[in-house]
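Subject: The structure to look at

Hello,

Here is the structure I promised to hand over. Please open it next to this email and follow along.

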Amino acid sequence: MRNPLSDTIVNIKPSGIRKFFDIVSEMKDAISLGVGEPDFDTPWHIRDEGIYSLEKGRTFYTSNSGLKELKTEISNYLKRSQNVEYNPDTDVLVTVGGSEAIDIGFRAMLNPGDEVIIPQPSYVSYEPCAILAGAKPVIINLKAENEFRLTAEELLEAITDKTKILVLPFPNNPTGAIMEKEDLEKIAKVIIEKDIFVMSDEIYAELTYKDKHVSIVSIPGMQERTILINGFSKAYAMTGWRLGYACGPKEIIKQMTKIHQYAIMCAPTTSQYAAVEALKNGDDDIKEMKTAYNQRRRFLMNAFKEMGLECFEPYGAFYVFPCIKEFGMTSEEFATMFLKEEKVATVPGTAFGDSGEGFLRISYAYSLETLKIAMERLKNFVTRLRERQ
Amino acid sequence: MRDELLAIIEKNSRIDTKELAVLLGVEEIDIINELAKLQDEGIICGFHTLINWEKTDIEKVTALIEVRVTPQRGQGFDNIAERIYKYPEVRAVYLISGGFDLLVILEEKSLKEIANFVSDKLSTLDSVLSTATHFILKKYKDHGIMFSEKYEDKREVITP
């Protein structure tokens, strides 16, 4: 029989997360700090709106690009949060999670041989999606001494004649790093000068603990060369609803919609109705969840300080990224040993790129009680390791 | 800081000042001072424990009593409310808008004791026009805490 598989997909390495998932799954009583989704349930009024839409029989396809009402709410949200204008009819596309937007954004914009600059550590999808779109990923290894922010110098060094897109993954999973206005202005200058585009993945936009999130689209000259990606998963604890969106120049959104139309048809109708309610009346829910995350974030930073574990202070998402280099182990070795000896699951930084080596991703989408037990165990573990050294 | 502090201790009054300082990102001394102020101002009125009595062997009957009263000149409802809330078996008294005036929450050991309270003490007050007593059969949720549900993490153990 002939080989039934595509060489491109076979050559893409499986996710590092997956590998660790299998080890953790075997341990029944382990505490996990390895989850990249909120621990809160979707707020009831949002769920209720989804249920109501089902009761009303709203069980048909929506238009390809999404419910008009939802696109209008998305456009309103970006106006009030970033003071930018997006025409709901032409500049907004509702997708199946932010993940779909990443995929079809690349496919709509990239030609074979184009280069996509991907700062790492970052979410696991960018690199494989760029490869699947026929492009060449160019990795920038972000540095702990810059608090894992992207600098203009690093960007300039990575740009070639073939560079088409820069992925801007902030607030960042797994580091929790953010980019502030001054950081973005420097990046924007390079982007405009070198005439490239930006895919700004802002799925954690609502979860920042310093100033309010600033999107690169709010910087003059950037909206016309940026695909902004966001969604409902993190802000409203709606991961399972699979709903995200892309906003951008209408020429790009038009081609993305074409792919979306042929591959997906439309995002889930029930989720879209629920999302309208989320954007209309969900601000207080976000505030409440954010307050809880921030308390946990402070708790973890204090726990690291007390056990002498180095960690820069992250101001975004719900992750901390402590450094474990002092123990002379790889991230994977550390995480595996920690899991076996203390039954706490974390994710090795390397699951998010080579530059995650020497770091661990710890999620604080867990109750304080769980985090307290886990930090007690981490303290025991590092104390033991230091004694062994 | 005040609002967030109150929100935390409303749910967990046993949390210590050191931990509160960490969670709120302030100094412990600020927490101690703020808590003292909140007590002085009568904003913090007690540190109670939420107990699901149904799970114990102790018999308790709780009743909600709707009371219609004649307000008194110059005093409104305050005087009559005071007459009622002075009884130690009365757990709470609220002035309510709508079809009746005062909502009285009463906790006793038996139905009979509640009946006695209503007939002997409450109904005999001059300003009380009528009462309607409702007994609580089961508590599903109290003070924002669901009694029957236990939190279970339904998420996958590791996700990107």
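Start at a loop in chain A. A:Pro171 lies in the loop between S5 and helix H8 (181–193) of chain A. The peptide bond that joins A:Phe170 to A:Pro171 is cis, with omega about -10°. Bear in mind that this is a predicted model.

Where is A:Pro121 placed? Look in the loop between strand S3 (115–120) and helix H6 (126–132) of chain A.

One more loop residue deserves a look. A:Arg242 has a phi near 50°, which is a positive value in a residue other than glycine. A:Arg242 sits in the loop between S7 and S8 of chain A.

**Chain A as a whole**

Now zoom out. Chain A has 13 helices and twelve strands. Its radius of gyration is 21 Å, close to the 21 Å that the globule rule gives for 389 residues, so chain A is as compact as a globular protein of that length. The C-alpha trace of chain A spans about 65 × 60 × 55 Å along its principal axes.

**The seven-stranded sheet**

In what order do the strands of the open sheet of seven run? The order is S2-S8-S7-S6-S5-S3-S4 in chain A, and the pairing is mixed. Strand S2 (92–95) and strand S4 (136–141) of chain A stand at the edges. Each has a single partner strand, so one side of each is left without a neighbour in the sheet. On average, neighbouring strands of this sheet are turned by 20° against each other, direction ignored.

Strands of a sheet pair through backbone hydrogen bonds, either parallel or antiparallel.

Strand S5 (residues 163–168) and strand S6 (residues 197–201) of chain A run parallel, joined by four bridges. Find A:Leu166, and you will see A:Val198 of S6(A) opposite.

**A helix across the sheet**

Next, find helix H9 (residues 250–263) of chain A. H9(A) lies across S2, strand S7 (226–231) and strand S8 (244–247) of chain A, and runs at about 25° to S2(A).

H9(A) also packs against a helix. Helix H5 (residues 97–109) of chain A meets H9(A) at an angle of about 115°, and their axes are 9 Å apart. The crossing of H5(A) past H9(A) is right-handed.

Which residues of H5(A) and H9(A) meet? From H5(A) come A:Ile104, A:Gly105, A:Arg107, A:Ala108 and A:Met109. From H9(A) come A:Ile252, A:Gln255, A:Met256, A:Ile259 and A:His260. By class, this contact of H5(A) with H9(A) has six nonpolar, three polar and one charged residues.

**The three-stranded sheet**

Chain A also holds an open sheet of three strands. Its order is S9-S12-S11, with antiparallel pairing. S9 and strand S11 (347–348) of chain A are at the edges, each with a single partner strand, so one side of each is left without a neighbour in the sheet. Two bridges connect S11(A) with strand S12 (residues 360–363) of chain A, and the two run antiparallel. A:Pro348 has A:Leu360 in S12(A) as its bridge partner.

**Domains of chain A**

The domain assignment of chain A gives domain 1 (7–42 + 284–388) and domain 2 (56–282). The C-alpha centres of these two domains of chain A lie 25 Å apart. Their contact takes 36 residues from domain 1 of chain A and 35 residues from domain 2 of chain A.

On the domain 1 side, the elements that give two or more residues are helix H11 (283–307) and strand S9 (319–320) of chain A. H11(A) gives the most to that side, with seven residues. By class, the residues of that side divide into 19 nonpolar, ten polar and seven charged.

**Chain B**

Chain B is divided into domain 1 (2–40) and domain 2 (53–142). The centres of these two domains of chain B, taken over C-alpha atoms, are separated by 34 Å.

Best wishes

Conventions
Residues numbered from 1 in each chain as written. Chains lettered and ligands numbered in written order. Predicted model: local features only at pLDDT ≥ 70, side-chain atom pairs only at ≥ 80, totals over all residues. Pairing = 2+ DSSP bridges. Axes fitted to C-alpha atoms, helices over the stretch in contact; angles between N-to-C directions. Contact = placed C-beta atoms within 7 Å. Domains from an automatic or database assignment. Nonpolar A, V, L, I, M, F, W, Y, C, P; charged D, E, K, R; others polar. Left-handed = near helix turned anticlockwise from the far one by under 90°. Rg over C-alpha atoms; globule rule 2.2 N^0.38 Å.
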